[in-house]
Amino acid sequence: MSARSTGMLVERARTLIVPGERRLLGITGAPAAGKSTLAGALTAALAPHAVLVPMDGFHLATTQLRRLGRLDRKGAPGTFDAAGYLALLRRLRDRPDDVVYAPEFRREIEEPIAGAIAIPRDVPLVITEGNYLLYWTVVRELLDEVWFVDLDEPTRLARLIERHMAYGRTRAEAEQRARGSDERNAELIMTTRGQADLIVQPGVT
């Protein structure tokens with residue numbers, strides 16, 4: 001099934017809100033497809049009944065990537081603390097605490113920041129977005145729905161290059177990153193498209 005409008009997406013997400021319960025909605029797709037934009041729009045529309053917890057908060061720190069020899073593969077599955085992300089999702093689903101704190105990723109410093117997002121127990125919907133929600137099957141099993149944002153490739157690539165430039169890379173550096181490690185990650189992510197509950201096509205109305 002493909003999405004047709006933002007309004008329809010908001011209403012579909014709203015059906016996951018059940019007072020006294022906790023549901024988890026995942027938003028996935030390739031880099032720069034529009035995951036963060038969609039997840040942020042849904043969270044704003046559904047506030048205060050929804051909170052956003054990005055997977056990017058579980059990026060390994062640069063010091064660890066350098067130690068592991070994975071700095072040039074940043075953004076690949078092995079450059080995240082997948083076990084930590086899984087543990088957080090379990091805590092969010094089980095709601096054992098009054099408040100759970102989650103990390104977030106700061107692009108301006110290219111590092112995760114611990115304890116930056118507070119998720120109170122009474123918030124019924126957690127929206128989480130990230131690259132590998134369908135690739136990691138143990139993560140998929142904890143999510144009530146997963147939507148795949150599928151933007152046309154020329155637009156996605158242009159957005160990705162512009163994003164890299166906005167955070168200080170030259171155009172040549174941005175294009176090298178976007179067409180190199182980012183593209184390998186995108187190809188992996190696209191193999192999971194068929195497992196999504198909903199395909200979101202930005203710009204399709």
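**Arg95**

I started at Arg95, which is partly exposed with a relative accessible area of 24%; that label covers what lies between buried (under 20% relative accessible area) and exposed (over 50%), using a 1.4 Å probe and protein chains only. This is a predicted model, where local features need pLDDT of at least 70, side-chain atom pairs count only at pLDDT 80 or more, and totals for chains, interfaces and linings use all residues. Numbering runs from 1 along each chain as its sequence is written, and side-chain values use heavy atoms, with hydrogens and water left out.

I found Arg95 in the loop between helix H4 (82–94) and E3. Helices here are DSSP runs of H or I with at least four residues, strands are E runs of at least two, and both are numbered from the N terminus. Arg95 is not a glycine, yet has a positive phi of about 55°. Most residues other than glycine have a negative phi, and most peptide bonds are trans.

Next I looked up Glu110, in the loop between E3 and E4. Glu110 also has a positive phi, about 60°, without being a glycine. Its relative accessible area is 25%, so I logged Glu110 as partly exposed. The hairpin of E3 and E4 has 4 residues between the strands. Strand E3 (residues 99–106) and strand E4 (residues 111–120) run antiparallel and are joined by 7 bridges; pairing takes at least two DSSP bridges. I noted Ala102 opposite Ile117 in E4.

**Pro48**

I checked the peptide bond from Ala47 to Pro48: cis, with omega near 5°. Pro48 belongs to the loop between helix H2 (35–46) and E2.

**The parallel sheet**

I traced an open sheet of 5 strands, ordered E2-E5-E1-E6-E7, with parallel pairing. Strand E2 (50–52) and strand E7 (198–200) are the edges, each with a single partner strand, so one side of each has no neighbour in the sheet. On average, neighbouring strands are turned by 25° against each other, direction ignored. Strand E6 (residues 145–149) pairs with E7 over 3 bridges in the parallel sense, and I see Val149 opposite Val200 in E7. Helix H1 (residues 6–14) packs on this sheet, touching strand E1 (23–29), strand E5 (125–129), E6 and E7. The direction of H1 makes about 165° with that of E6. Contact means heavy atoms within 4.5 Å; axes are lines fitted to C-alpha atoms (for helices over the stretch in contact), and angles run from 0 to 180 degrees between N-to-C directions.

I took H6 and helix H7 (residues 171–179) next: they pack at about 130°, axes 8 Å apart. They are therefore oblique to each other; under 35 degrees would be roughly parallel, over 145 roughly antiparallel, 65 to 115 roughly perpendicular, and the rest is oblique. The contact includes Leu157 and Ile161 of H6 and Ala174 and Ala178 of H7.

Helix H6 (residues 153–166) and helix H8 (residues 181–190) pack at about 140°, with axes 12 Å apart. That makes H6 oblique to H8 as well. I listed Glu153, Arg156, Leu160 and His164 of H6 against Asp182, Glu183 and Ala186 of H8.

**Val138**

Last, I looked at Val138 in helix H5 (residues 137–140). Val138 is partly exposed, at 40% relative accessible area. Val138 and Ala83 sit 55 residues apart in sequence and 9.7 Å apart in space, C-alpha to C-alpha.
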